Amino acid sequence: MGLFLRYMVETAIVMTLLYLAYKPLMAPTAFHRLNRCAILFIYLASWTIPALARLSLPHGATTVAAGVPAMVFATDYGNPGEGGTDWWNIALWVYAAGAAATAAGTMAGVWRMVRIIRSGHCSTQGSYTEIVSPLAPGPFSWGRYIVVRPSDCDRWLPMVTNHEKTHLRLYHWLDLVPVQLSLIFQWFSPAAWLLRNELKKVHEFQVDKIAAGDHPAEYQFMLLRKTAGSSFPTFADSLNHSHIKTRITMMGKKSNSSRRIAALVLPAMAALSLSVLSQPAVAGVLGQMSQTADNTVSNSKINQKQTTAQATRQTADMKEAAAGSETRPKYAVEKIAEFKGGAEAMNKFFADNVKYPVTAIKSGKSGRVVVQFVINTDGSVSDTKVLRSIHKDLDEEALRVVRLSSGLWTPARNNGKPVKSQYVIPVSFKVK
């Protein structure tokens, strides 16, 4: 889950940077086809650059790092203390709720569109099907369907249907499908909502330019007469009044062709985004965020299991791993054990003492070894155990250095007293 959250954050960062480049430089221009391609490029780049950033990390050298604790439990505790707020767990639930709400809204919009189409009177107009439905909020189009209201069947109908046919001929509805799906996962990003609005505006600008033809004044009058409110099905293009003034202005606007060069800023910004996300410092911060989220969720799930009436198998495994500990339930500690000097000192200790096994380097083995151990009340280490293995030699090296850290820990505390605690730490081996 932490890795997924990191990917969503990275995608939002890239999307925001590209949107901030597009809005002032390209949105005001009348190059509607170019702007449409630019917005679709922003979506494509936003979803691919975070993945490319991981592939672009340098290879050749070896590094070792110790991560934050994955699980910490007291093995000598009288009464459980007050637990802190699991902000990462709350954030994940908020994200899931927002995504679910956006998805539900999308499905509701699709169902509404289907209901409107089914409720109307159908007639075939060439390769398109015209639907006259009293449920339609206004003229709109989708797939091969053009939907109008009964009140639209007047002298303006040919112009209205021509407008919607132009949308269909340019396949604008296909643009909206991946954009809406992207919005479900990026609902928390203002850039995702703003970009969808920009794309819909560009669709209208592009169609207006074509559909107005040689009678722009008459076409503009039709827009003023026929545009409706903004309550349209999610995936549909429509005669929407929200940007009518801008649309009329855009019909007569001409931009200097030299301004097309502004489009080059998007690939440049995409390359800059890739470079930033590929920096070890940035990747480290985002990786720490990802690991912290994973750890918080893991701790939350485990703590919930430990408060149940019957001990789970996971609790039994932890009790067995802590040799010599009493067979009473374990609780989250009030103050967790810490490496003397903090996380920075711990990382330096591992970096200075871990020796990357030659056999692992030759075989190209890398990854994260997860080690479980007990920190005693005097800061010593015991009961080391590999929970996640990636290579025999890497496992042994991780265990060796964890044992070497014995005595360098400040024990966990409950009610102000040192207690024995169980600690799980990921040791990352990377071949750069």
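**Note on a predicted model**

1. C122 has a relative accessible area of 45%, so this cysteine is partly exposed; the class covers what lies between buried, under 20% relative accessible area, and exposed, over 50%, with a 1.4 Å probe and protein chains only. C37 also counts as partly exposed, because its relative accessibility is 47%. The structure holds 0 disulfides, a disulfide being a pair of cysteine sulfur atoms within 2.5 Å.

2. This is a predicted model, in which local features need pLDDT of at least 70 and side-chain atom pairs count only at pLDDT 80 or more, while totals for chains, interfaces and linings use all residues. Residues are numbered from 1 along each chain as its sequence is written, and side-chain values use heavy atoms, with hydrogens and water left out.

3. Helix α4 runs over residues 157-169 and has 13 residues. Helices (H or I, at least four residues) and strands (E, at least two) are DSSP runs, numbered from the N terminus. From first to last C-alpha α4 reaches 18 Å, close to the 18 Å expected at 1.5 Å a residue; the expected span is 1.5 Å times one less than the number of residues.

4. Buried residues of α4 include L157, V160, T161, E164 and L168. M159, H163, T166 and H167 in α4 are buried as well. Y171, which follows α4, has a positive phi near 55 degrees.

5. R388 lies in strand β10, residues 381-388. With 42% relative accessibility, R388 counts as partly exposed. Leaving aside residues up to four places away in sequence, R388 touches R368, V369, V370 and D395, where contact means heavy atoms within 4.5 Å. V369 is 19 residues from R388 along the chain, and their C-alpha atoms are separated by 5.5 Å.
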